[in-house]
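Student: I have a chain open in the viewer and would like to go through it with you. Could we start with any annotated sites and then move on to the fold?

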Amino acid sequence: MRVSSRLRAFTGRPTNELKRFCNPSNTGASNLWCSSPKRLSTVSSNQTGHQGQSTRLKYAILLSTSAATSWFLYARQQGTVYLEGKPPSQEADPKRNPRPNFHLRDDKIDIDKLPKEKAILTTAPDVPPHISRDHPVLLQVDLETTTKLSQLTSTHKYEKWTFNDSSPGPFIRARVGDVIELSLTNRDESGNPHNIDSHGFLGPGGGASITTASEGETKTAHFKVMYPGLFIYHCAAAPVPVHIANGMYGLIYVQPEDDLPPVDREYYVMQSEFYHEPPEKMDNGRMSPEVEFSYPNAQREEPSVVVFNGHEGAVTTDKPLKARLDETVRIFFGNAGPNLTSSFHVIGSNFHRLYRDGDVTSPPGQFVSTTPVPPGGATIADMKMVVPGTYTLVDHAIFRIEKGAIGYLNVSGPERPDFYGSDEPPNPCVGCKLHP
Ligand SMILES: [Cu+2]
C-alpha cells in the first residue's frame, strides 16, 4: 500500500478505527463524523453521562494521529512518501531517474551544412565502436541487396536474401540527431525489388517507399534519427513477410547523447526463424542438400529452423562470443521473427542491467534472467562475468534449441571456487547441447 493512502488520516478521511468507532451501532458515538471527510467532530449526540465515550474518542484520535505521524516519518525516511498522492516528477528527482526524460531533437537542420561521415558497418556478432563525437553528422550508410546460398543447418543450404551478403545484415551505429543518408543498391538478380523499413526512422513506412530499388537501381534517401534506442530494420517490399523470412533484417543502434555506461565487450546477436520445405530427391536418388522457402509453413508459424545470427552454429562453432573473467559484456539483441517472440536468456548468467525494448533513456531493469523480445523488437542486456566457463544463449521456449537456437559465450580466466565450486568434479550430461 502506498504511504499516501495512510496519510489520508491527516486530511480528514477516516481510518478504519475511527469508522468502527463512529458506527451508529456503537452507542454514544452516532453523531461523530461519519460522512464528511473534512469535518472531524468530537461532539457526542448525548453528551450528558457520556463523558467516558468522549474521552475514548479523544484517545482514539490521538492514537490514530500518532500512528499516522510515525508512519509518515518512517516512509519519508524510506523515500516513498508522496504528499500529493502521486509520485514526484521523475525530472524533478535526478536521484530517482539519473537519465532525465528525453526531448525530441526536432530542431531544424541544414543538411548541406552537416559534416559527412561514412558509417562503420559490422557483421554479427561484431558491433561498431562507440561514437565519441558530440555533434550530428550526415552519416552515410551504403547497403546492397543480394541473394546468397549458404549453410543454414549442418545438413542443409538455403538461399538467403541479404543486405551486404549477410543475414542478419550489418549493424548500423548512429548518434541521436544524426541524419542518415541511406543508399540502397539492389544487386539481387532474381528481379525482386527491395527497400528499408527502419524502426529508428520517423515517417511513413519507416523509409520503405522512398528506398524501394528495382534490380540494378540505387535509391538514396535521408532520415534524421530523432529517438535514441536499439531498433530493427528490415526489407518491406511486397510480400513483406517473405522478404523478412528469407533473411532481410538487421539492427540500428541510435546512441543517446550520453551513451550507456562503457563495457568491456559489445556483441550483436539476432534471432530469427526460417521455414523450408523438405529437401527434394535429386536425379541420382539422393536428397538435395538445399532446401527452399515454405510459404505454408510460414503461414502456419511452424518454423523448421530457429537460429541466432542467421544459421545453426553461427554463435557456437563459427563465432562464439568471448570474454575474460570480470569483464562486462553487452549484447545488442534483436528479434527479426518473422513470427516467434523470443524469451531471451543466458544460462548461468543474469542481466544486471537490462534496457528493455531497446529503451536507453529510462533507468534499466536490474538482475533480470529472461526477457521477452517480440518480432520487430530489440533489447540491450549487460552481464558481469564473475565465474569462467561456457554460458549458453537460448530462447527459453526451450524446445527451440532442437531447431538451432543456441549460442555460446566463452569466459576465460582462473576458477572462482569461492563463488562456484564443489568437491566433486563437474559431470555434464552426455549429449547435452546446453552445457558443453
Ligand atoms: Cu526485400
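Student: Which residues does the UniProt annotation "binding site" cover?

Tutor: In the UniProt record, an unreviewed entry, the annotation "binding site" covers His194, His199, His234, Cys235, His243, Met248 and His396. UniProt positions are given in the numbering used here, feature names are shortened, and annotations may be inferred rather than shown by experiment. Bear in mind that this is a predicted model, in which local features need pLDDT of at least 70 and side-chain atom pairs count only at pLDDT 80 or more, while totals for chains, interfaces and linings use all residues. Residues are numbered from 1 along each chain as its sequence is written.

Student: Take His194, then: where is the place of His194?

Tutor: His194 lies in the loop between strand E6 (179-186) and E7, where strands (E, at least two residues) and helices (H or I, at least four) are DSSP runs numbered from the N terminus.

Student: And does His194 count as buried or exposed?

Tutor: His194 counts as buried because it has 29 C-beta neighbours inside 10 Å; the cut-offs are 20 or more other C-beta atoms within 10 Å of a residue's own for buried, 12 or fewer for exposed, and partly exposed in between, with C-beta atoms placed from the backbone. Leaving out residues up to four places away in sequence, His194 touches Thr145, Asn186, Asp188, Ala213, Cys235, Ala237, His243 and Met248, a contact being two C-beta atoms, placed from the backbone, within 7 Å.

Student: What about His396, which residues does it touch?

Tutor: Again not counting residues up to four places away in sequence, His396 touches Ser343, His345 and Thr370. His396 is found in the loop between strand E19 (389-395) and strand E20 (406-412), and it is partly exposed because 17 other C-beta atoms lie within 10 Å.

Student: How do E19 and E20 pair?

Tutor: E19 and E20 pair in the antiparallel sense over six bridges, where pairing requires that DSSP finds at least two bridges between the strands. Within this pair, Leu393 has Gly407 in E20 as its bridge partner. Strand E13 (residues 321-324) also pairs with E20, in the parallel sense over four bridges, and there Ala323 has Val411 in E20 as its bridge partner. E20 is mostly covered, with five of its seven residues buried.

Student: Switching to the open sheet of five strands, what order does it have?

Tutor: The order is E2-E5-E10-E9-E7, with mixed pairing. Strand E2 (121-122) and strand E7 (197-198) stand at the edges with a single partner strand each, so one side of each is left without a neighbour in the sheet. Strand E5 (residues 171-175) and strand E10 (residues 249-255) pair in the parallel sense over four bridges, and Ala174 stands opposite Val254 in E10.

Student: Which residues have the most contacts inside the largest nonpolar core?

Tutor: Those are Leu251, Tyr268, Val269, Phe332 and Leu409, in a core of 81 residues; a nonpolar core is a set of buried Ala, Val, Leu, Ile, Met, Phe, Trp, Tyr and Cys residues joined through C-beta atoms within 7 Å. This core draws at least three residues from each of domain 2 (114-262) and domain 3 (268-412), with domain bounds that come from an automatic or database domain assignment. Leaving aside neighbours within four places in sequence, Phe332 has contacts that include Leu230, Leu251, Tyr268 and Ile380.
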